[in-house]
Amino acid sequence: MTPLIRIQHEDFSLQDEIDALSAGRADIGAVVSFAGLCRDENGTLAGLELEHYPGMAEAEIGRVAAEAAARWPLMGLVAIHRYGLIRPGDQIVLVLAASAHRRAAFEAADFMMDYLKTRAPFWKREHRIDGTLGGWVEAKGEDDDAAQRWEQAP
Amino acid sequence: MSTAAAIAAAGTRPVRIVYFAWVRERVGLPEETLDIPADLATVADLVRWLKARGEGYQTAFANEAVVRAALDHVHAKPSAQLGHAREIAFFPPMTGG
């Protein structure tokens, strides 16, 4: 199982990615997908600008994916992360985890997202509707806590 | 004296340093190639050396515990040995996903 990692500005299609993952095989019993969207909480956001570290972004997500593959019996693993200006409501990130049974797929997708948030070199900055540049989004302690729980799990 | 001998005599080596997000803005550069003293051992040593270069660096690294580092695309702690790293990155805590 070779994880598929893509860092791109272009949007992606959830269904196309699931179809590609499962094409030509009938042994997959579960595909769990997570799509992260650009969220506007109070109607002031024009978009989020995502800066990334080319080269390291692919490498680091690849390392996280390799850890997931070593930990769960996966039949497919996809991570797509967009960069550049993303509008509210648009997709930012996609994780697909495929396995024979649902538990491994759920856990692997959850693990991938927790570590994507804390280890993948991406930074968000707000652009406001009034044309001004907002601040850099601050990292949340709860994201570190979410990633930390995988350190103790068996 | 050959170039290699000159570098050895001066005790420096060239590294590419890249900055991202607000670290990049405070330093005022996306990247630079600097001849760093060969005796800088750790990431923290390099940060101290950079802070002596000017105000932008001092602002960027004002809270050293917050700024993250990577050596050749791999996350590194302040205590990590620079070794033979060719590309060293500094950036804020990540906010992707």
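**View 1. Helix 4 of chain A, out in the open.** None of the twelve residues of helix 4 of chain A is buried (20 or more other C-beta atoms, placed from the backbone, within 10 Å of a residue's own), so this helix lies largely in the open. Helix 4 covers residues 141-152 and reaches 17 Å from its first C-alpha to its last, close to the 16 Å expected at 1.5 Å a residue; that expected span is 1.5 Å times one less than the number of residues. Helices here are DSSP runs (H or I, at least four residues) and strands are too (E, at least two), numbered from the N terminus.

A word on what you're looking at: this is a predicted model, where local features need pLDDT of at least 70 and side-chain atom pairs count only at pLDDT 80 or more, while totals for chains, interfaces and linings use all residues. Residues are numbered from 1 along each chain as its sequence is written, and chains are lettered from A and ligands numbered from 1 in the order in which they are written. The model scores ipTM 0.92 and pTM 0.92.

**View 2. Strand 7 of chain A and its two partners.** Strand 7 (residues 122-128) pairs with strand 3 (residues 45-52) of chain A in the antiparallel sense over seven bridges; pairing takes at least two bridges found by DSSP. Look for Gly47(A), whose bridge partner in strand 7 is His127(A). Strand 7 also runs antiparallel to strand 8 (residues 133-136) of chain A, joined by two bridges, and here Arg125(A) stands opposite Trp136(A). Four residues sit between the strands of this hairpin, and Gly131(A) takes a positive phi near 90°.

**View 3. Where chain B touches chain A.** Here 14 residues of chain B are in contact (C-beta atoms, placed from the backbone, within 7 Å) with 22 residues of chain A. On chain B's side, helix 2 (21-27) and strand 5 (87-91) are the elements that give two or more residues.

**View 4. The largest nonpolar core.** This core has 56 residues; a nonpolar core is a set of buried Ala, Val, Leu, Ile, Met, Phe, Trp, Tyr and Cys residues joined through C-beta atoms within 7 Å. Helix 3 (residues 102-119) of chain A gives the largest share, nine residues. Among those with the most contacts inside the core is Ala89(B). Not counting residues up to four places away in sequence, Ala89(B) touches Tyr53(A) and Met56(A) as well as Val18(B), Phe20(B), Ala69(B) and Ala70(B).

Notes
Two residues are in contact if their C-beta atoms, placed from the backbone, lie within 7 Å.
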